[in-house]
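The sequence and structure come first, and the text follows.

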Amino acid sequence: MRTKTLHLSSANPVLAIVLFISIFMFSCKKEEASTQPQADGSIASLTDYLTGKGFKAEDIVFKDGKFTIEKDIVITSEEVAARMKNESNSGTPQTEQRRNTYIISNTYNTNVKLYIEPDVPAAWKTAVQGAVANWNAVNGTRLGMSIVTTLSASNTRIFMGFESANWIARAYLPTSNGRPGVSVEINSNFNSLAASQKLFAITHELGHTIGFHHTNQTSGTLIPGTPSVDANSVMNSFVLNWNGFTAGDVLATQILYPQ
Ligand SMILES: [Zn+2]
């Protein structure tokens, strides 16, 4: 099992193998025949695409077929490739707090279904329940969430991971087909975090799964009409004690998911 974080800039043979497998997998999905891409060049082009979206290169880590950005946003290389393809087909992405290119379609956004793995400690489970209640309490939006009891019935899986690193939890963004981010991983390294900070952290991660980027960083697209500086926003990339959504958080949710 690999536990080392592999950075894009490293010339590591293990990384080269991971990249090759990943490239091979999505070159199979291409409809047109193409020459075998250079592994390094292709990952570099995906990375260029991400930096073009405003992510800083030093905040992008590629490992096990997926990019982790700003420590807690996870995107598979297949998804990055799909986004690049969609945008080259449809021209410039639409301009629209900060949002992801893709948000959850109306098929899913009134009831995003979360599944909590049984080994998630009770204190984190309480935080997930509280975070769902937080998002459901935002007025003037069609957004809704619930916790379901089987993985097969869910859209988003909440599970425990461990890394001796300074991320508390991390989540996937919505996909190009309008589905919620597929998972939230909680780092058991932070099991002793205060309940109020756990609640903030999970509310924040669910924010990623519904399409929000970080309010205090430059990736993603600024949502017009929301403040560009919002120190207490739940989507800031550092954890505070939970003290409710800011007006900017509420407005951003209403704009992305109007009633
Ligand atoms: Zn985050």
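## The zinc site and its surroundings

His-204 and His-208 lie 4 residues apart in helix α5 (residues 195-209), which means that about one helical turn separates them. This is seen in a predicted model. Both of these histidines are buried. They also belong to the zinc site: the protein donors of the ion are Asp-72 (OD), Asp-72 (OD), His-204 (NE2), His-208 (NE2) and His-214 (NE2), at 2.0 to 2.6 Å from it.

## The chain as a whole

The chain has 259 residues, and 48% of them are buried. Its secondary structure consists of 6 helices and 10 strands. The accessible surface amounts to about 12200 Å², with 54% of it belonging to carbon and sulfur atoms.

## The nonpolar cores

The largest nonpolar core has 39 residues, and the members that touch the most others are Trp-124, Trp-135 and Leu-206. Two or more residues of this core come from each of β5 (112-116), α4 (122-136), β7 (156-161), β8 (169-172), β9 (183-187), α5 and α6 (247-256). Helix α4 contributes the most, with 6 residues.

What does Trp-124 touch, if residues up to four places away in sequence are not counted? Its partners are Met-160, Ile-168, Ile-186, Phe-190, Asn-191, Leu-193, Lys-198 and Ile-202. One of them, Lys-198, places its charged end over the ring of Trp-124, 5.2 Å from the ring centre. Another charge of this kind belongs to Arg-157, whose charged end sits over the ring of Phe-159, 4.2 Å from its centre.

## Aromatic rings

The structure holds 4 aromatic pairs. In one of them, Trp-242 and Phe-245 are arranged edge-to-face, with 5.1 Å from centre to centre and 90° between the planes. Trp-242 counts as buried because its relative accessibility is 18%, and the cut-off for buried is under 20%. Trp-242 and Phe-245 are also part of one aromatic cluster, together with Trp-135, Phe-200 and Phe-212.

Glu-70 is in the loop between β2 (66-69) and β3 (73-76). Lys-71 is placed in the loop between β2 and β3 as well. Each has a positive phi although it is a residue other than glycine. The table gives their values.

| Residue | Phi | Relative accessible area |
|---|---|---|
| Glu-70 | near 50° | 8% (buried) |
| Lys-71 | near 75° | 46% (partly exposed) |

Is Asn-136 buried or partly exposed? Asn-136 counts as partly exposed, because its relative accessibility is 36% and that class lies between the 20% limit for buried and the 50% limit for exposed. Asn-136 lies in helix α4. Leaving aside neighbours within four places in sequence, Asn-136 is in contact with Leu-143, Gly-144 and Met-145. Between the C-alpha atoms of Asn-136 and Thr-110 the separation is 9.6 Å, while along the chain these two residues are 26 residues apart.

Technical notes: Residues are numbered from 1 along each chain as its sequence is written. This is a predicted model: local features need pLDDT of at least 70, side-chain atom pairs count only at pLDDT 80 or more; totals for chains, interfaces and linings use all residues. Side-chain values use heavy atoms; hydrogens and water are left out. Buried means under 20% relative accessible area, exposed over 50%, partly exposed in between (1.4 Å probe, protein chains only). Accessible areas come from the Shrake-Rupley method with a 1.4 Å probe; for residues, only the protein chains shown count as cover. Rings of Phe, Tyr and Trp (its six-membered ring) pair if their centres lie within 6.5 Å; planes under 30 degrees apart count as stacked, over 60 as edge-to-face and the rest as tilted. A charge sits over a ring if NZ of Lys or CZ of Arg is within 6 Å of the ring centre and within 35 degrees of the ring normal. Donors are N, O and S atoms within 2.8 Å of the metal (3.2 Å for Na, K and Ca); water is not among the atoms, so sites may look incomplete. A nonpolar core is a set of buried Ala, Val, Leu, Ile, Met, Phe, Trp, Tyr and Cys residues joined through side-chain atoms within 4.5 Å. Contact means heavy atoms within 4.5 Å.
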